[in-house]
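I wanted a notebook record of charged pairs and helix packing in this model. My entries follow the structure.

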Amino acid sequence: ANLDATWVTQSSVPDDVPFFNAGITGVDQVVSVSDTGLDLQSCYFADQSGTMSFGTGYDMSKRKVIQYVDYVNAGEDRDGHGTHVAGTIAGQRSDDGRTATDGFVDGIAYNAQIAFFDIGKDDPSASLLVPGASTLLNPGYNAGARVHSASWGSSSDFYTNMDRDFDKYLHRNKDFLVIIAAGNEGPVTGTVRSPSHSKNVLTVGATQNEGRLDRLASFSSIGPAMDGRIKPDLVAPGQHILSVGSRDGPSCDPPSESGLPGDGGRVKADDIGILSLQGTSMATPVVSGSAALVRQYFAEGFHGDGSKGSADPMEPSGAMMKAIMINGARPLSGYALNQVDSKQGFGRLSLIDSLPLAGSNELVASFLDYQVVEQGKVNVYNGYDISANE
């Protein structure tokens, strides 16, 4: 479930969510999402206004979905994929569209907002309609998103024009990070799909959940990229993830936990909008929601000594967010510390091993961003030499 993926990625200790306890819940963060559609009638996304202005404009007064670009459809999600993904990132139950209440499947960054880009057709079996990188990413960026979640891919297993365009976009917009699913064709080697071959994106594979959280999911695509680069970059829970499901009308939680669907299913009742799915598509929003937590951490100055306001607010680059999550990733079962390969990448996402948090860990870190190492020169940081050739 989303709630299990939360403690797995925050602490690896059941029900221990130290970043939530510190108030880091996605406040003032926007995550853009491209997917099949989004069920706006779900209690996890519903707004008291009851209306949505579709297009590239945005409305920050909305409780949850501030933008819905109807590139293909408007407010529909026939197969539930996009609703499930968005729910994992930032879903938050509200029975009146205004006041939050605890839900069974609240998201990883439940106080964040969503800028949605619809690329799904009415027929769930049809191919997605994905535009060029700028058309896809600009609306969310203009709405304030600095993280984009893409739980989709192509059939190409090489570096394509789309990979190139994503790399160019992230090079031009250095404060932005795109997080992409690796694919579901494991355990075959070399099955990571475009556009997750992009150098500058963060590519995500999937682990099992809860009791087997340190084991790779059998379906998770395996790299390397065609040119030998390590892909995926890291892994996160992606098996049997219980999140928000789409319905034809208003929907919400069942009356009790006993009414939740089992692995790989949904409740038959039309007003119960909870769905269990698995795939790297489910692992990717876990990482995207976590990236929103990382951005709030810096925006609220936790990066001094791990307490709020201990440093001046900071807007981290996409490259630094990517590096932080990779650096703190923990090895899966059977791997040595710092062992890297194209199954687990750099390991499983672990925020408690990535960022100092007062009272919860003993990490000490110094964060330097937008540093330039000129050709032939050496920069020295706290005794470490970094040359342009490294």
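Predicted model: local features only at pLDDT ≥ 70, side-chain atom pairs only at ≥ 80, totals over all residues.

I looked up Arg229 and found it partly exposed, at 23% relative accessibility. My cut-offs are under 20% relative accessible area for buried, over 50% for exposed and partly exposed in between, with a 1.4 Å probe and protein chains only. Arg229 pairs with Asp227 in a salt bridge, the closest N and O atoms being 2.9 Å apart. A salt bridge here needs a side-chain nitrogen of Lys or Arg within 4 Å of a carboxyl oxygen of Asp or Glu. Asp227 is exposed, with a relative accessible area of 54%.

Residues are numbered from 1 along each chain as its sequence is written, and side-chain values use heavy atoms, with hydrogens and water left out.

I searched the whole structure for salt bridges and got 14. One of them joins the side chains of Arg93 and Asp95 at 2.9 Å, N to O. Arg93 is buried at 18% relative accessible area, whereas Asp95 is exposed at 56%. I also found Arg93, Asp95 and Asp253 linked in a salt-bridge network.

Next I checked Asp214 with Arg348, a salt bridge of 2.9 Å, N to O. Asp214 sits in the loop between β6 and β7, and Arg348 in the loop between α7 and β10 (378-381), so the pair ties together parts 134 residues apart in sequence. Helices (H or I, at least four residues) and strands (E, at least two) are DSSP runs, numbered from the N terminus. Arg348 is buried at 3% relative accessibility; Asp214 is partly exposed at 28%.

Then I turned to α7 (residues 318-327). Seven of its 10 residues are buried, so this helix is largely enclosed by the rest of the structure. Among them are Gly318, Lys322 and Ile326. The buried residues of α7 pack against β4, β5, β6, β7 and α6 (280-299); contact means heavy atoms within 4.5 Å.

Last, I looked at α6 against α7. Their axes come within 11 Å and cross at roughly 110°. I fitted axes as lines to C-alpha atoms, over the stretch in contact for helices, with angles from 0 to 180 degrees between N-to-C directions. The two helices are therefore roughly perpendicular, a term covering 65 to 115 degrees. Val287, Ala291, Val294, Arg295 and Phe298 of α6 meet Met320, Met321, Ile324 and Met325 of α7.

Definitions and conventions. Parallel < 35°, antiparallel > 145°, perpendicular 65-115°, else oblique.
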